[in-house]
Every structure is written in C-alpha cells, then in structure tokens.
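Have a look at it first, and then read along with me.

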Amino acid sequence: MEEKPLQIHLSMPDKIHILSTRALGDDLLEQAEGAGIAVDEIPFIETEPIESVEVQQEVESVLLLDTVVIFTSMNAVEAVAGYLIDEQPSWHIYCIGHTTEQLVKKYFPLSELVATADSAAALAEKIIEDSSITEVYFFCGNQRRDEIPAILSAHEIQVNEIVVYQTISLPQKIKVSYKAILFFSPSAVDSFFVKNTAEEGLVFFAIGQTTANTIRKYTSNKIIFPDHPGKESLFEKMIEYFGG
C-alpha cells in the first residue's frame, strides 16, 4: 500500500485587534494589515468649524495684522483657512505637531513658521524666549487646554483667544476586547472613559504628552507615545510595539 505523504497544516496566527479613535487612512490600514494587525476605527469626538459673522470678523481683522499667531491643532488651521479668500496674512506662527505644521505651510505660505513644539507648555516657553513678544492671537477650539493662556499671561503676554471650531463628544460603549487603543486628543480620551474602563493588559497609545497625561487620570495601564506628535509617528510606535 502506497504511503501517503505527511501533510502539515500550519494555522495562521490570530490577528492583533486594536482600536483607533480616529480614521488612519487607507495607507496606514494596509500597513497594519500587512503586520497582522486588524484596526477598528471608531470616533469618540467630532469637530466642526464655527461659521458665524462674529468669528469671520475676528479672523478677518487678524488677517490684516503683522502679528504672532498660535495654532495647537490641525482643526484650528483648517477652520481659519476656510475664511481665506484673496488675503494671505503675514504672520509669525507657533504651532504644535507635525500635521499642524504641514497645514500651516500649505495654507499660510507667506507667513513665517517661527517654531514648533511637542506640547503646549513647551510651545509657550519658546514664545517667552522672544522678549519682543507682548501680544499673541490664539486660534483654538471650545475645549482648548489652559497651558498656553496661563503661562503666557503669567509672563505679561496678552493672549487674544479666537474660538474657531467646536469639539463634540461622542461617548459610546465598546463591546470588543482590544489589545490597544490609539488616542489623538485629550477630548477623545475623556469621551471614551464616559462609558468605558481600562481592561487589564490594555495598552494605550497617545499622540503626545498632553493626551498621555489625560489617560493617566483614568488608568495606570501602560501608555506609549512617540517622541514627536503625529498620526504617522503614533502608528509607527504601535507597529514597533507589536513586533512589526
């Protein structure tokens, strides 16, 4: 009787399931798939620009100034850019994060990008270093952090805040067990923990130090964040952690 060849069936390893609280884009999702990582994208906040005559007038008045401007989020940059028509400002811009920096360069090519930083506190310190600065315009959202106004005001720098977008919380209960969760803002963290708790062993990835600090308010689980804030940097940290 002819002996049949031995057949070995190799089972494919289970995918690592993670949750991203913001859309990553097709390129990053494909990279994750190639690394054996399945990503669910579930938003816990949404942002929308504030479209009003009052905000429009405030933005248009600043467009005419040769002044110092602060952006701490891409949402603020895009909201202000929505008011541009033919007028290109000549600003001296300070901003946080790689994505925000790229949008500043895209929408405000005639302005000077003076400095970037990885956190609001670090950005404020860079502004303080220039003793000629006595006034700034801070384009922000309705849930902006306190660090920049507090630090600059303490150094007698006038902070003119213009709220150009609003953040809407979308809390919802998660019914799947994930290995990790990616957070891109403190407000998304707050929204997540309205209806969820941190399971044992769950790893949190934060886009930056401020978001990481917000996670620490709710859990002592492991928190990882990149050296420089950015969606791609955070994604790379996640891939690296899971052995990609």
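**Ground rules.** I am working with a predicted model, where local features need pLDDT of at least 70, side-chain atom pairs count only at pLDDT 80 or more, and totals for chains, interfaces and linings use all residues. Residues are numbered from 1 along each chain as its sequence is written, and side-chain values use heavy atoms, with hydrogens and water left out.

**Helices 5 and 6.** I looked up how helix 5 (residues 120-128) meets helix 6 (residues 147-154), and found that their axes come within 9 Å and cross at roughly 30 degrees. That makes helix 5 roughly parallel to helix 6, a label for angles under 35 degrees. Helices here are DSSP runs of H or I with at least four residues, strands are runs of E with at least two, and both are numbered from the N terminus. The axes are lines fitted to C-alpha atoms, for helices over the stretch in contact, with angles from 0 to 180 degrees between N-to-C directions.

I then noted who meets whom, with contact meaning heavy atoms within 4.5 Å. From helix 5, Ala 120, Ala 121, Leu 123, Ala 124, Glu 125, Ile 127 and Ile 128 meet Glu 147, Ile 148, Ile 151 and Leu 152 of helix 6.

**Helix 7.** How many residues of helix 7 (residues 186-195) are buried? I found seven of its ten, so I wrote this helix down as mostly covered; buried means under 20% relative accessible area, exposed over 50%, and partly exposed in between (1.4 Å probe, protein chains only). The buried ones are Pro 186, Ser 187, Ala 188, Val 189, Ser 191, Phe 192 and Phe 193. Their packing partners include strand 1 (16-20), strand 3 (45-49) and helix 8.

**Thr 211.** I went on to helix 8 (residues 209-216), where Thr 211 lies. Thr 211 is buried, with a relative accessible area of 4%. Leaving out residues up to four places away in sequence, I listed Phe 183, Phe 184, Ser 185, Pro 186, Val 189 and Ala 206 as the residues that Thr 211 touches.

**Glu 135.** My last stop was strand 7 (residues 135-141), which holds Glu 135. Is Glu 135 buried or partly exposed? Glu 135 is partly exposed, at a relative accessible area of 30%. Ile 157 is 22 residues away along the chain, but its C-alpha atom is 5.3 Å from that of Glu 135.

Terms used
Angles under 35 degrees count as roughly parallel, over 145 as roughly antiparallel, 65 to 115 as roughly perpendicular and the rest as oblique.
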